[in-house]
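Subject: A structure to look through, with notes

Dear colleague,

I am handing over a structure for you to look through, and my notes on it follow below. Please keep the structure open beside the text while you read.

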Amino acid sequence: MILATMAISIWTVLQENLNTTETFIALILGLISLGVIVLISFYLKLETRINEQGVHYGFWPFQRQLKHIPWNDIKKIYVRQYNALTEYGGWGYRLTFSKHGKAYNVKGNKGIQIVFKDGKKTLIGTQKPEEARSIIQRYIQNKEL
């Protein structure tokens, strides 16, 4: 979709002729901006770690350090299927003011649903739902979640 937008933009500018410096500079800046967006989207990575301290997650390259959710803050945690468009309005970092709460997802429709003791919710997308389910079960067996 981004590439199609780039192509249409370039075609439109070329139809208007490149005989002014302002038009040429606008074309170059537009192409650079779209190029940066394309590069970021290819390298965007959602990293999730689950260990004895809790759940750690973050979007690379925007977050260098992972956010941490300690087990003591979690009321309930489980893997579930979700609809990114209808529940969260799409993919990426999503904050809703509905019952769904926050979401961090890149693609797919499976995620780790976390319900906090204060009632707030966060969903972290995963491409390895069975592995996540197994790891979560291992850590919550000894805890009262």
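How many bridges join β4 to β7, and do the two strands run parallel or antiparallel? There are 7 bridges between β4 and β7, and the two strands run antiparallel. Before going further, please bear in mind that this is a predicted model, so that everything below describes a prediction.

The strands around β7

Strand β4 covers residues 74-81, and strand β7 covers residues 110-116.

Is β7 largely enclosed or largely open? Of the 7 residues of β7, 6 are buried, so the strand is largely enclosed by the rest of the structure.

The hairpin of β2 and β3

A further hairpin is formed by β2 and β3, with 6 residues between the strands. Strand β2 covers residues 54-60, strand β3 covers residues 67-70, and the two run antiparallel, joined by 4 bridges. Within this pairing, histidine 56 has histidine 68 in β3 as its bridge partner.

Glutamine 65 is found in the loop between β2 and β3, and it is exposed, because its relative accessible area is 68%, which is over the 50% cut-off. The C-alpha atoms of glutamine 65 and serine 134 are separated by 25 Å, and the two residues are 69 residues apart along the chain. Lysine 67 lies in strand β3 and counts as partly exposed, with a relative accessible area of 37%. Between the C-alpha atoms of lysine 67 and leucine 27 the separation is 39 Å, while along the chain these residues are 40 residues apart.

Salt bridges

How many salt bridges does the structure hold? It holds 3 salt bridges. As background, side chains of opposite charge can pair when their charged atoms come close.

One of them links arginine 49 with glutamate 47, where the closest N and O atoms are 2.5 Å apart. Arginine 49 is partly exposed at 48% relative accessibility, and glutamate 47 is also classed as partly exposed, at 23%.

Another links glutamate 87 with arginine 80, with 2.7 Å between the closest N and O atoms. Are these two partners buried or exposed? Glutamate 87 has a relative accessibility of 16% and therefore counts as buried, and arginine 80, at 17%, counts as buried too, since the cut-off for buried is under 20%.

The remaining salt bridge is formed by glutamate 130 and arginine 133, whose closest N and O atoms are 2.6 Å apart. Both residues lie in helix α4 (residues 129-140), where they are 3 residues apart, or about one turn of the helix. Glutamate 130 counts as exposed at 54% relative accessibility, whereas arginine 133, at 33%, is partly exposed.

Patches on the surface

Two patches deserve a look. Lys75, Lys76, Lys99 and Lys121 gather in a surface patch of positive charge. Among them, lysine 76 lies in strand β4 and is partly exposed, with a relative accessible area of 48%.

Which residues make the nonpolar surface patch? Phe24, Ile25, Ile28, Leu29, Ile32, Val36, Ile40 and Phe62 make this patch, whose area is about 730 Å². One of these residues, isoleucine 25, has its place in helix α2 (residues 21-43) and is partly exposed, with 44% relative accessible area.

With best wishes

Definitions and conventions:
Residues are numbered from 1 along each chain as its sequence is written. This is a predicted model: local features need pLDDT of at least 70, side-chain atom pairs count only at pLDDT 80 or more; totals for chains, interfaces and linings use all residues. Side-chain values use heavy atoms; hydrogens and water are left out. A salt bridge is a side-chain nitrogen of Lys or Arg within 4 Å of a carboxyl oxygen of Asp or Glu. Buried means under 20% relative accessible area, exposed over 50%, partly exposed in between (1.4 Å probe, protein chains only). Patches are made of residues with over 30% relative accessible area and no salt bridge: like charges are joined within 9 Å, nonpolar side chains (Val, Leu, Ile, Met, Phe, Trp, Tyr) within 5 Å. Accessible areas come from the Shrake-Rupley method with a 1.4 Å probe; for residues, only the protein chains shown count as cover. Lys and Arg count as positive and Asp and Glu as negative; His and the chain ends are not counted. The place of a charge is taken as NZ of Lys, CZ of Arg, CG of Asp or CD of Glu. Two strands pair if DSSP finds at least two bridges between them.
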